[in-house]
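Visitor: I would like to learn how to read strands, salt bridges and charge patches. Can we work through a case?

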Amino acid sequence: GCAPGTVPRPCGYLSARGSVCNDQRGEQMVLNEQNLKKALEQPLRHGVYYYYSTEEYLVRSYAAKTLALLAKQEDDAEVTRVEGPAPSIEEAVAAAGTISFFGTKRIVELPMLEPSAMNEADVGALCDLMQSLENAVLVMSTVFKDDKAKLSKKAKQLIGAAEKAGLTAELVKPGPQDAKRFAVEKARELGVVLSPGAASELVERCGTDLFALESELSKLAAVADYGEITPELIAQMGTQSIEADVFEMVRLVTARNKTRAMAKLSQLLELQNEPIAIAAALSGSFVDMYRVKCGAAAHRNYAAVHKDFSYRGSDYRLRKSGETASHYSRAQLEHILSVLLGLDAALKSSAADGTVLLQTALCEVMQIGERR
């Protein structure tokens, strides 16, 4: 029999939550971060493989790896894909119940399940199917919109049934260090070398979005002729959004490097970025800092602020904002936001040159930051 259990989350970009099961040989398997990968290196004996997370990249990659391993392990195996978010349970049952002429197991893929999109009867039927498999393997995946979604009644029902029937893993959204390790691993797979500081530079630019990191690495590997990717190459060729560029400018402001901060502003303008867009990104950076500052005063960390203000994506941006905000008092940030509010109004209503307005406001912001 199987009883659901949870293992502590160790370091790394993957954490697995699974069941403690006795297989047919009497061996006990306890799923955790380290042995999930090891489990997939062994012959796959489970009837159900269920991966879920708020991070789509991890869910898709582990489901794809499991399907490839099963197909290789089961000669002439047939794979039936029953699309989510609310799959046809009748189709899944029919596919799982079909007996192969060659005696190989049927593989049924149920990608991108959304428990919230399924009715209770279908959730119950899918749970029953998991417990009654004889000649089939289910490979299921779910990308939850947030951590709260996985706590719904239907989500917990599916997760619990999958834990009892096979291998279930919750793939945890990566943090900055996890993203750096991911970049190093992907570079190795591409046959390129990341020189010291390159992984950090990539994460600074792409954040912890693994899709973006993989795409950027593939591009840079080709540019480097599959040799070495350096921080200099990333700075020259890497993708950068206006928000990332402005945040870099803000860091120069915080470091009291007026010359480079003004040069960065000139570069942004030379790249044909609209002054209003630059001002909006600049205001957004200082709003983030102010929110984190206020959160700290109320004993709320940057992760709590991320949730309180319904930010999307990773909280990496707010963590960096918190580090930058430590250089300012709350009163200074309020003064800076007042200046930026005036800048926004002037850009939208004044006939004055937008470049001059931006340069003037940035100088004033730097002066406020110097008043300790």
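Guide: We take the strands, then the salt bridges, then the surface charge. This is a predicted model, where local features need pLDDT of at least 70, side-chain atom pairs count only at pLDDT 80 or more, and totals for chains, interfaces and linings use all residues. Residues are numbered from 1 along each chain as its sequence is written, and side-chain values use heavy atoms, with hydrogens and water left out.

Visitor: How many residues of strand 6 are buried?

Guide: Buried means under 20% relative accessible area, exposed over 50%, partly exposed in between (1.4 Å probe, protein chains only). Helices (H or I, at least four residues) and strands (E, at least two) are DSSP runs, numbered from the N terminus. In strand 6 (residues 106-110), five of five residues are buried. Arg-106, Val-108 and Leu-110 point one way; Ile-107 and Glu-109 point the other.

Visitor: Which strands are joined to strand 6?

Guide: Two strands pair if DSSP finds at least two bridges between them. Strand 5 (residues 79-81) runs parallel to strand 6, with three bridges. There, Arg-81 stands opposite Glu-109. Strand 7 (residues 136-143) is also parallel to strand 6, joined by five bridges. Ala-136 of strand 7 is the bridge partner of Arg-106.

Visitor: How many salt bridges does the structure hold?

Guide: A salt bridge is a side-chain nitrogen of Lys or Arg within 4 Å of a carboxyl oxygen of Asp or Glu. The structure holds 16. Arg-81, Glu-83 and Glu-109 form a network of them. Lys-186 and Glu-189 meet at 3.2 Å, N to O. Both sit in helix 6 (residues 176-190), three residues apart, about one turn of the helix. Lys-186 is buried because its relative accessibility is 16%. Glu-189 has 60%, so it counts as exposed.

Visitor: Which parts does the pair Glu-370 and Lys-258 tie together?

Guide: Their side chains form a salt bridge at 3.3 Å, N to O. Glu-370 is in helix 16 (residues 354-370) and Lys-258 in helix 11 (residues 258-270), so the pair ties together parts 112 residues apart in sequence. Glu-370 is partly exposed, at 34%.

Visitor: Which residues gather in the patch of positive charge?

Guide: Patch residues have over 30% relative accessible area and no salt bridge, and like charges are joined within 9 Å. Lys and Arg count as positive. Lys-145, Lys-148, Lys-307 and Arg-312 gather in this surface patch. Lys-307 lies in helix 13 (residues 302-308). Lys-307 counts as exposed because its relative accessibility is 68%.

Technical notes: Patches are made of residues with over 30% relative accessible area and no salt bridge: like charges are joined within 9 Å, nonpolar side chains (Val, Leu, Ile, Met, Phe, Trp, Tyr) within 5 Å. Accessible areas come from the Shrake-Rupley method with a 1.4 Å probe; for residues, only the protein chains shown count as cover. The place of a charge is taken as NZ of Lys, CZ of Arg, CG of Asp or CD of Glu.
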